[in-house]
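Hi everyone, thanks for coming. I'd like to walk you through one model today, so please have a look at the screen.

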Amino acid sequence: MSSVTTFIEKWGPGGKSYKLGERAGAQAHFYELCGVLDVPLPDDPESYCFEKGFRAIATSRGFADVWKRGHFGWEYKAPKGDLNAALQQLILYALPLENPPLLIVSDRLTIEIHTHFTGHPSVKTVIGLQELRDPVIRELLRSAFTDPYRFRPGTTVQQLTADVASTFALIADRLRARGVAPRRAAHFLTQCVFCFFADDAGLLPADVFKRLIQKRIAPKALRSSLIELFQKMQAGGSFGVDDIPWFNGGLFKEIDVPDLVKEDVHALATAASENWRFIDAAIFGTLFERGLDPSKRAQLGAHYTDPETIMRLLEPAIRHPLLTEWAGTREQIASLLSKRDYMRVRAKGISSKSPTLRDRYARLRTQANEVERDAKAIFSGFLHRLSAFRVLDPACGSGNFLYMALKCLKDIEHIVNIEGEQLGLERQLSVTGPHNLLGIETNEFASELAKVTVWIGELQWLREHGYTVHETPILQPLDHIQTSDALIALDGSAAIWPEATVIVGNPPFLGTKRQWKELGVEYSAHLRGRYSKRVPAFADLVCYWFSNAHEALKSGRAVVAGLVATNSIRGGMNRAVLDAIAKDCEIFDAWDELPWINDGAAVKVSLITFALKGHGQPVRLNNVAVSAINPDLTAGSDLSKAAVLPENVDCCFYTTVKGGPFECDPVLARQWLQQPNPNGLSNAQVLRRWANGLDIVRRPADNWLVDFGCNMVEADAQLFAAPYRHVRENVRPLRLKSNRESYRKYWWLFAEPVPRMRAAVAGLRRQLVTVVVAKHRIFTWLDHRILPDHALAVVAREDDYTFGVLQSRFHRLWSLRLGTSLEDRPRYTPTTCFETYPFPGGLTPADTAGRGTETCEGVLLPAGLDMATKARARSVAVAANRLYELRERWLNPPEWTISVPEIAPAGMSASPYPDRIVVRPDISDENSKVLARRTMTNLYNEEPEWLRTAHENLDRAVAACYGWEYEPSLSDEQVLVALLLENKARAPMKQLALGGSVAATASTHNSTAMPIS
């Protein structure tokens, strides 16, 4: 304790060291403080030292008086010195100090510890000299040396932002409930949000807005005062005793404060208690848009896209190219300044006694100055490049991407200035700002919120990096964030975007059905017409943004584009835009599948960055260096060039789409089967058993529906009295509201009855089905009398050979690469997955079509095959049938289940429906529970040894059918390369592949087998 007392007396007022100056006292004070705290002294220039930094041209001192890596930067002032100025210096140079978690300033009488943790608001802890007598306080200060994370605030800036957004959402709800128009309420509250921030950021004098709110004056008086304050912020002027600066920017151009009530005043006063300086601009726009826009209100509690995810697009599009360019520029400047220094050293060694030597000295000095001017010009030129850099977000929403892009540019400018100082150049005035940003957004409120996000974000950045806000006005106009349509211009033509350096953004994801609903039939039809030569008619809405970005690159109106898309852009109709991009551009950075938040819902997306060929940027897929990225966002063999094979068409189909509640209760359906009709026909003709995806991947249900076929006229449908009445009462009201005339006109028929599929499976005893969107690619048999729902794809074959090929590893890998996905589940598409797949030669769908089947060794084979081909097919069929029987035995063990005949309709001696599998009545409760868990999904999740063995046997049989040597250890890429070669060999000459390329090799269907081992 005596050492503590001695320390306090020595450095306190009147002590012998009290009057030491800033430089003289800093290190001595720190040495003795380390002794008091019993912590090590600075002894390592790489991790813990005095005078950390460099000697810049503007100052002869380092960045920090003391620095400890991963702990703190520490700056001293003399007693009663300006600690805020010391803190600003630490903030300004936090980057070269490696962003320590604590920024500590001291005038030796007081120690201030300011937290600097990423993602947390800054909190100040003040320790007075006399407080060091307390061992608890000393231990707290000691933590700065030993455990800086003890100071980390418990609240994150994300939590703070979410809390204040929720508070404002409640105020908005209350205003709208009293009849205030949503747009008016949102505009007023946005102004309040900015005022709260301006108060805490010191842009408004002495917390003038918070003081006004917290006075709890009468609502009517508060409204009048708010109007007056907003008017002063619009143009600057006096508000009471306070001088209000000129804010402008357009935020206060429209002042329309609604009538307030006591509850509103109370809620605003509650919000005033928060520290608004630290709201997170990266998520601010999203959360406040959800709270203030009634159409987004339900999403308020949902997750949001974090800044780190957004940076995965901005890094390759903006940050990495600019920093790479700066690295080259910096080396060039360093080389010139080194040359200058060499010349000046040489000049100093020249004697000035003779005129000749004096002339030589002058020439060297002049040359050195010219070299220095060249270096300065290069430095200024790079900063000018940053000033002229433009980032366009053509679907900017509430401004998250724009803010992150601005932050990225300002961070780069900060690095450039610091490293310029290290080279001996003067720090330049800020050249980046809101003028670097361009935005397009259709929603007027979101567009305004985007501007506020950018304003707050830039002001935060300036404060957090030690810069002073000197702008007049404080808010620069953001007229270049437009409220307009990014796809269709006012004259009805395709929109042309403004020129920019980089295009980035998160365009809306809308599938075909949602486009009709949310955009309207007329607009959707016009959009598709205008873009018909560039975007397929049934593509996701996001594809139009990709196409426009591609056009901007081709016309020289942009250099790089980086956009977010639903991961379904990798296949199907959507991939056509990436195929077109790949012709003259290169995708140089991509993430094939990432979790994302879209309108409050978790989805899977792809991030795609591309530029014209010859861009010079490194190529990376999922942050791994690759030689090239294919249009389907894969590396290696480019399956996007796989061609549709004519031999595979008219075999695999999407199935029926009901378009209304045609389903009926199974008890009711069986009653109807016993009822007569005026036409003398049984209701069995229009009552069908049906199956959807859940019946395949889970336990099958007892599903029934009414199906009047493909073209039954209404008069005939009416004669099936009970089924017709059911459809009229349940389906007709919904279908009459449909946008499609055919759906309204033929309301008693399915929306899409798919006659081609029905004709293809007619006459078959069973049909091969797979769930379109499923975790596992599983094929299985469905009785021909069961109608498949649209969640299933149907293959019109009944032989075990076809089943075996499709269930093999070969087809599974092919379908995963060529299909799309929904969230994290692969989607199977007949065109890309089936029609491109090269079946073994001589056994393609065209070869097996119309042959019928024959039984051979207990399996079904295509009939009429020659002996050699039949032997190949039989091996596959036997292995496939074995796999099917094992699965069925596991799913429905005869010890626990029985097969029961379906009811026979009135007037029929036998049922036209397949038997049903039901649980045995004598099964135990325990076994019943086990049986309920026996589903196809659970089976493939568990993948028992017997299942793996059965699949390996099948794979060997299929490989032998191709004529390939095979081992399970073969990589997926080896398998896919072999299949792609087969596809190219089968494709007719000059046939356009799905990717838009030409398959250059032609051959017969019976291609020569090739080893893949």
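Let's begin with Glu943, which is partly exposed at a relative accessible area of 37%. On the cut-offs: buried means under 20% relative accessible area, exposed means over 50%, and partly exposed lies in between, with a 1.4 Å probe and protein chains only. Before I go on, this is a predicted model: local features need pLDDT of at least 70, side-chain atom pairs count only at pLDDT 80 or more, and totals for chains, interfaces and linings use all residues. Residues are numbered from 1 along each chain as its sequence is written, and side-chain values use heavy atoms, leaving out hydrogens and water.

Back to Glu943: its phi is positive, about 45 degrees, although it is not a glycine. Glu943 sits in the loop between helix H32 (936-942) and helix H33 (945-962); helices (H or I, at least four residues) and strands (E, at least two) are DSSP runs, numbered from the N terminus. Asn622 is another non-glycine residue with positive phi, near 55 degrees. Its loop joins strand E16 (620-621) and strand E17 (624-625), and at 27% relative accessibility Asn622 counts as partly exposed.

Now for helix H8, residues 219-235. Its 17 residues reach 25 Å from first C-alpha to last, close to the 24 Å expected at 1.5 Å a residue, where the expected span is 1.5 Å times one less than the number of residues. Which residues of H8 are buried? They are Pro219, Leu222, Ser225, Leu226, Leu229, Phe230 and Met233. These cover an arc of only 140 degrees around the axis, so they lie on the same side of H8; the arc is that of the directions from the helix axis to the C-beta atoms. Turned away from that side are the exposed residues Lys220 and Ala235. After H8 comes Gly236, with a positive phi near 85 degrees.

What do the buried residues of H8 pack against? Their partners include helix H6 (182-200) and helix H9 (262-272), with contact meaning heavy atoms within 4.5 Å.

Four strands form an open sheet in the order E18-E25-E22-E23, with antiparallel pairing; two strands pair if DSSP finds at least two bridges between them. Strands E18 (652-654) and E23 (779-783) are at the edges with a single partner strand each, so one side of each has no neighbour in the sheet. Further in, four bridges join E22 (766-771) to E25 (792-795), and Val771 has Leu792 as its bridge partner.
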